[in-house]
Amino acid sequence: MRTLKPLFTLLFLAVLSSGYSQKVFTEKDIQIIPKPNQVVLQSGSFEFSKNTVFVAATDFQKDISNALINKFGAAAGWRPIIGTKAPKNNYIQFKVDSNLHNEAYKLEINNNTITVTAKGNAGFIYGLETIRQLLPTAIESKHAVTIVKWEIPNVTITDEPRFQWRGLMLDLSRHFFDKNYILATIDRLAMHKMNVLHLHLVDDQGWRIEIKKYPKLTEVGAWRVDQENLAWNARLLTNPDQKGTYGGFLTQEELKEIVKYAAAKNVEVVPEIEMPAHVSSAIAAYPELACFDQRIGVPSGGLWPITDIYCAGKESTFEFLENVIDEVITIFPSKYIHIGGDEATKTNWEKCPHCQKRMKEHGLKNVHELQSYFVKRMEKYINSKGKKLIGWDEILEGGLAPEATVMSWRGTKGGTEAAQQGHDVIMTPESPCYFNFYQGPQNEEPLAFDAYNPLNKVYEFDPVVSGMTPQEAAHVLGGQANLWAEFLSAPKDSEYMIFPRLAALSEVLWSSKESRNWNDFTTRLAPLLKRYDYLGINYAKSAYLVTAVSSADIVKKQINVTLKNEFPNPDIRYVLGNKTLDINALKYTNPIQFNQTTVLKASLFQNDKPVGKTFTDTIVFHKAVAHKVNYLTPFNNSYKGDGPFTMVNTIRGSKNFHDGQWQAWLVNDMELVIDLEKQESVQEVIIGTLESQGAGIFFPVQVKVLVSNDGIKYKEAGKVSRPYASNPTSELKDFKINFEKTNVRFIKVIASNLKKSPRGESSWLFVDEILVN
């Protein structure tokens, strides 16, 4: 027996060793986004080592091989080899098959070799990107990682995209992003098998591309007066004589570098040069481009309506634009030039003698037809340079240019109409393709545009609209995400809005519609987020957040709270009071009922552990709950809250002022009386308010509390004042008025409205709850 024990131990260790080196892969180990079209898993695996050879026949194959080899150098501490001849085993080879489509690839992996087959460079790029996602997530590490087996399963993958246009638009005008961030974004597009980077280079708030013939475009138009301390839509009109200091631009050399780098990643860079509107930055530099040669400053923030637009009647306008296009096409070899064409308020055209003369000469009935003339003329010039024109769906107004491609943003109606007319379209409807919209509860998110595009909504998108004929569907080139940058001033802000929503969109645009499954996607998302962690991407974790919806039963003086999450069949658990949110937390199944002040904490759980940010809320029951409120100044009909008991239902409003829990007053002060029905001992009144200066909502400048026992004679109990202060964010604030404890029945609350904003606009006052303690 003494001799058998060591032998058993050796056998046991041998089994363990064998099991470690021969990992058995399952389909769950293949977690690729976007999902490949066809995957066939076989037994066995290919292991990378310092002896692995990348057999590269061209400089391009060497370059893309080096991109992956460099990752091994950082994460594994050794580098595979590049060679021109295949060894006996353990090598990666590239094979050309001219019968495949341009971006298609086939990946064949066995114990000894990996073969990437493609028609050309695009397919080879995507084949290596798939290998990258088959590798352990630690391949993304910038530092050496130990105890990692650098092996991938033996598998055959046949793959190609569903759509040819898979894009992302970066707005460089509202806030400027430099070359380095754009290059990093290109890397991330390639990682997600996206192939278009649309650069929004011109808008009212900044001209971002060097045009050598017109140096003032960047000397003047690229810089605005710094009002970053104010909310975007609350910024003041700029004096044209005041020098701008906030902004920036890209030189032609920088843009050429970006274009070259993108081409090596199979990303086409499409420039957008706005016209005829969204061009205040150009008019600030060259006032003669406008109808009345008006001098304006580059706007520092939100601008509406957009009336300072190019004059469509002056020949000099078209000479200017043609010269700009001439320089643009020397930088961008892209097939397309985007001209914008959206949101032009044409009131100046209606009064301008130059525009009226143009309309008369060409028999144009109205200014919409004048815009159509403008677009068609520019399209003809762009076509003469071997390029195609893209415009936002407003270019349909007055008649579509003959060969124009429509980018449909106001829903899909414009895209559908263009497809019916035989034009190519790119679907990018605001919902769900605008990534400047919120992706989680506003209270938990950085400031964004006041709309909601969560991860699951992006994943549900399909560019082909239901009811399209096969001929119309064939005109749908694909789709893209648009990231407008009013609220994004740094790369980390931009990343937060892009990721992981770009992952969802990449699967929408690449994978077959039949293969897409939200449950399956959320499973594959987890390892991708680990890759983001290694890469230092500041991605949003909003999809993990638990959200709550409350309803009040005024008769029972009871609150019902419903918890939910984006993920399918979420494991939500919660605790009450000061308990710890751990494995012993209660599993949420039905709405939770409250009838007294309680702290609620909840989280999504995975593998019996909380993930994401913990949801915490205090449901506060106070002495005024469900008591009668008499409004001495009525609230505005646009914001009625949840009915007559809104102010005393214990449910607090969120930063989303459309959530149904806010009552609001436009210009008027709020004045109301709460009847406690009997004398109560009271020493504190709290008024819950919201400020969102960009939306015209301001904190009260004073809150006063008066008390009475007969409802006729009142005496002042206390007040607080807060003068206006600029606030670029959205903020919730409780105004507390404390006073000596007293027995009262009636409580009058007066909150004084600011009346007028610094821009001279009527101001709103928003209140969600009045708590009496």
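Predicted model: local features only at pLDDT ≥ 70, side-chain atom pairs only at ≥ 80, totals over all residues.
I take buried to mean under 20% relative accessible area, exposed over 50%, and partly exposed in between, with a 1.4 Å probe and protein chains only. I number residues from 1 along each chain as its sequence is written, and side-chain values use heavy atoms, with hydrogens and water left out.

**Sheet.** I looked up the strand order first, taking helices (H or I, at least four residues) and strands (E, at least two) as DSSP runs numbered from the N terminus, and counting two strands as paired if DSSP finds at least two bridges between them. An open sheet of seven strands runs S1-S7-S5-S6-S4-S2-S3 with mixed pairing, and its edge strands, S1 (38-47) and S3 (81-83), each pair on one side only. From one strand to the next the twist averages 20 degrees; axes here are lines fitted to C-alpha atoms, for helices over the stretch in contact, and angles run from 0 to 180 degrees between N-to-C directions. Strand S2 (residues 53-55) pairs with S3 in the parallel sense over three bridges, and Val53 has Ile81 in S3 as its bridge partner.

Helix H2 (residues 59-75) touches S2, S3 and strand S4 (91-96), its direction making about 170 degrees with that of S3. Helix H3 (residues 121-134) touches S4, S5 (105-109), S6 (113-118) and S7 (151-159), and its direction makes about 40 degrees with that of S5.

**Salt bridges.** Counting a side-chain nitrogen of Lys or Arg within 4 Å of a carboxyl oxygen of Asp or Glu, I have 40 salt bridges in the structure. The side chains of Asp768 and Arg652 meet in one at 3.0 Å, N to O, and this pair links distant parts of the chain, 116 residues apart, with Asp768 in strand S35 (residues 764-772) and Arg652 in the loop between strand S29 (628-631) and strand S30 (663-666). Is Arg652 buried or partly exposed? Arg652 has a relative accessible area of 32% and is therefore partly exposed, whereas Asp768, at 2%, is buried. In the bridge between Asp571 and Arg573 (2.8 Å, N to O), both residues are buried. I also traced a network of salt bridges that links Lys71, Glu129, Arg132, Glu140 and Arg531.

**Aromatic rings.** I pair rings of Phe, Tyr and Trp (its six-membered ring) if their centres lie within 6.5 Å, with planes under 30 degrees apart counted as stacked, over 60 as edge-to-face and the rest as tilted. The structure holds 37 such pairs. Because Phe318 lies in helix H8 (residues 315-331) and Tyr373 in helix H11 (residues 367-384), the pair ties together parts 55 residues apart in sequence.

Technical notes: Contact = heavy atoms within 4.5 Å.
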